[in-house]
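Subject: Structure handover

Hi,

Here is the structure I promised to pass on. Have a look at it first, and then read my notes below.

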Amino acid sequence: MRAYYYDNLPGDQRLPHDYIPSRPVSLEKLSTLGVKYWTIPVAGYEAEVDRIAAREGYKNRDTINVSKEGLGDLYETKIKGFFEEHMHEDEEIRYILDGSGFFDVRETPSDAWIRIAVAPGDLLVIPEGIYHRFTLDEANNIKALRLFKDEPKWIPYNRSTDTDLNPHRIEYLRSIGV
Ligand code: KMT
Ligand code: NI
C-alpha cells in the first residue's frame, strides 16, 4: 500500500496522479480519517484474515474480479460507477488477492483526494460515511475479497446535498472529530 495526495490533473483515471515530487500520506493520517489498514501475505492468508474477520465481526465474504473477463458486459458501467464519488452506509472492506488498483478517499476538512494504491496482501477498510471512489490502474485487473458484517450494503450514494445530510455521513464526521 502506498498513499499520497492526488494531483487533480486532468487525464486518465488509471494513471497514478502522483504529484512531482510525491506528497506522501502516512498511515497515521489515514487512521485519523477512519481508514484502517493491515498487510497479510497472500500465501496462507486464510487463517489471518479469519482471525481479523472474527475480531472485527466481518461475518460474510465473497470475491470480486474487476477486469474485462471478470465483469463481462457490466465492465464499462461498473468502472464508471466505482469512480463516481460516493459513500456507503457500511464499511467497505477489501483484501487484495491479485492485481492492483487505486482507492481515492476524501480528506476532511480540506476535501483533498488521497490516493491509496493497493496490491496483493493489502486489507483496507473504508469507513461508512466517507466519500471515496475506486479505479483500476493501467494493468486493468484486480481480484479482491469483499468482507461484510451482516447483510451486504453495497449501495453507493453519490455525493450530493442529500448525502451530506445522511446520518451515516454525519456520524462519520462526528467520529473523526469534525
Ligand atoms: C468497490 O466497491 O468500489 C469495489 O468493490 C471496487 C473493487 S474491489 C478492489
Ligand atoms: Ni464504495
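N140 is partly exposed, because 16 other C-beta atoms lie within 10 Å. In these notes a residue is buried if 20 or more other C-beta atoms lie within 10 Å of its own, exposed if 12 or fewer, and partly exposed in between, with C-beta atoms placed from the backbone. N140 sits in the loop between β9 (132-136) and β10. Helices (H or I, at least four residues) and strands (E, at least two) are DSSP runs, numbered from the N terminus. N140 is not a glycine, and yet it has a positive phi of about 60°.

Before you go further, please keep in mind that this is a predicted model: local features need pLDDT of at least 70, side-chain atom pairs count only at pLDDT 80 or more, and totals for chains, interfaces and linings use all residues. Residues are numbered from 1 along each chain as its sequence is written, while chains are lettered from A and ligands numbered from 1 in the order in which they are written.

Some other backbone details are worth a look. Most residues other than glycine have a negative phi, and most peptide bonds are trans. H17 also has a positive phi, near 55°, and is a residue other than glycine. H17 is found in the loop between β1 and α1, and it counts as buried because 20 other C-beta atoms lie within 10 Å.

Another cis peptide bond runs from T108 to P109, with omega near 10°. P109 belongs to the loop between β6 (101-106) and β7 (113-118).

P24 lies between β1 (2-5) and α1 (27-32), again in the loop. P24 has 13 C-beta neighbours inside 10 Å, so it counts as partly exposed. Leaving out residues up to four places away in sequence, P24 touches A3 and Y4; two residues are in contact if their C-beta atoms, placed from the backbone, lie within 7 Å.

Now to the ligand. Which residues surround ligand 1? They are I64, V66, F82, E92, R94, G101, F134, I142 and A144, where near means that the C-beta atom, placed from the backbone, lies within 6 Å of the molecule. Two or more residues of this shell come from each of β3 (60-66), β5 (92-99) and β10 (142-148). Sorted by class, the shell has six nonpolar, one polar and two charged residues. Here Ala, Val, Leu, Ile, Met, Phe, Trp, Tyr, Cys and Pro count as nonpolar, Asp, Glu, Lys and Arg as charged, and the others, Gly among them, as polar.

Those strands also take part in a sheet. Strands of a sheet pair through backbone hydrogen bonds, either parallel or antiparallel. This one is an open sheet of five strands in the order β2-β8-β5-β10-β3, with antiparallel pairing; two strands pair if DSSP finds at least two bridges between them. At the edges are β2 (36-39) and β3, each of which pairs on one side only.

- β3 and β10 are antiparallel over seven bridges, and N60 stands opposite F148 in β10.
- β5 and β10 are antiparallel over six bridges, and D98 stands opposite K143 in β10.
- β5 and β8 (residues 122-126) are antiparallel over four bridges, and E92 stands opposite I126 in β8.

β5 is largely enclosed by the rest of the structure, because six of its eight residues are buried.

Finally, the protein chain as a whole. It has five helices and eleven strands, and buried residues make up 25% of its 178 residues. Its C-alpha trace spans about 40 × 35 × 35 Å along the principal axes. Among contacts with a separation of 6 or more, 78% are between residues 24 or more positions apart.

Best wishes
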